[in-house]
Amino acid sequence: MIEKKKLVFTTNLKFYKKKNINNVNVFKSFENKHIFFCEGLILLKKIRNKFKLSYFDENNELFNYINHSVYIGSFKKKNIYAHNISKKKTASNLDQIDFFKNKIKKEDLSEIFFCDLRKVFLDLSIKDSYIAGVGKSIINWKVENSFCPKCGEKFLCNDFKWENKCINCKKITFARVNPVVIIIIINGKKTLLGRSYHFPDKLYSCLAGFVEPGETLEMAAIREIKEEVGIKITNIKYITNQPWPFPSSLMFGLMAKTTNKNLKIDKNEIEHAFWITKSKLKKILNSKTDKISAARKGTIARYLLENWVNNKI
Ligand SMILES: [Zn+2]
């Protein structure tokens, strides 16, 4: 039995989203909690060396700069909202982040800071990572999709819904989720680790790629692995899945076998890949070597690798 709770996202989280909500004045009740994004960064705080979401009440000056909002859902009878803030071009010569940094400073909120969510995502609690991840996905989508794709009308940003509805042609558009396959490939007693150019130093993981139109998960896995390292995989089976908000993906964790050992790495796709034995990988996962690190804790790749070294998959 695979323990899903080891993943960052869990099916056990009691979170009720998309409660029927209209243009009510949600800022009246103290039961509302608000998180803020700006230019793709999130406002967080650090307490006793732990990253946490920074919630704001409705008296905060940042509320004057909201241009996109979404109601994420309710958690323990608190309604949680995510907002994007943006200053008008004429408001100041400062860039967006510096402008809001000054605002925060003035309010003596010095422990609060703008942060790239990707860097701290796995350090947040499961609840905070869920809220921040959903907020980031929907807010990013709203920022990047301000106009109706059918008639070009600008969307009004006056409600908290996940979808956009055009006031002119009535078309409704929804945020997209992009399916990604991530594959642990087994060759006898070895598995394959690889790294992309954008990975932090020394970090290796399972190979992954986006599913293209018309493909099954298996077809996508076969194509991606062939493209990246030139080997043929078989016996593909599904293990688990995980939403991943960078940018807005649903990761499908697969396991596959191969008898090909010779890698033909496409350097346009990945930086490096190599076969590793179970015992060596175990040492890396237990941080007993600092030469490389394998897939950070909480990620689906880590989950696949840990379960394989422990003979659970
Ligand atoms: Zn329209």
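## Contacts along the chain

Take the contacts between residues at least 6 apart in sequence. In this protein chain, 63% of them join residues at least 24 apart. The model is predicted.

The protein chain has 313 residues, and buried residues make up 30% of them. Its secondary structure consists of 6 helices and 17 strands.

Helix α5 covers residues 278–285, and helix α6 covers residues 300–309. Their axes come within 10 Å and cross at roughly 125 degrees. The crossing of the two helices is left-handed.

Which residues of α5 and α6 make the contact? From α5 come K278, L281, K282 and L285. From α6 come L305, E306 and V309. By class, the contact has 4 nonpolar residues and 3 charged ones, with no polar residues.

## A cis peptide bond

Most peptide bonds are trans. The bond that joins F246 and P247 is cis. Its omega is about 0 degrees.

Where is P247 found? P247 is in the loop between β14 and β15. Strand β14 spans 234–244, and strand β15 spans 249–257.

## Two positive phi values

Most residues other than glycine have a negative phi. R48 has a positive phi, near 45 degrees. N235 has a positive phi too, near 50 degrees. Neither residue is a glycine.

What is the setting of R48? R48 is in the loop between β3 and β4. Strand β3 runs over 41–47, and strand β4 over 50–53. Is R48 buried or exposed? R48 has 5 C-beta neighbours inside 10 Å, so R48 counts as exposed.

N235 is placed in strand β14. Is N235 buried or exposed? The same cut-off of 12 or fewer applies. N235 has 9 other C-beta atoms within 10 Å, so N235 is exposed.

N235, with its positive phi, is in the strand itself. P247, joined to F246 by the cis bond, is in the loop between β14 and β15.

Notes. Residues are numbered from 1 along each chain as its sequence is written. This is a predicted model: local features need pLDDT of at least 70, side-chain atom pairs count only at pLDDT 80 or more; totals for chains, interfaces and linings use all residues. Helices (H or I, at least four residues) and strands (E, at least two) are DSSP runs, numbered from the N terminus. A residue is buried if 20 or more other C-beta atoms lie within 10 Å of its own, exposed if 12 or fewer, and partly exposed in between; C-beta atoms are placed from the backbone. Two residues are in contact if their C-beta atoms, placed from the backbone, lie within 7 Å. Axes are lines fitted to C-alpha atoms, for helices over the stretch in contact, and angles run from 0 to 180 degrees between N-to-C directions. A crossing is left-handed if the near helix is turned anticlockwise from the far one by less than a right angle, and right-handed if clockwise. Ala, Val, Leu, Ile, Met, Phe, Trp, Tyr, Cys and Pro count as nonpolar, Asp, Glu, Lys and Arg as charged, and the others, Gly among them, as polar.
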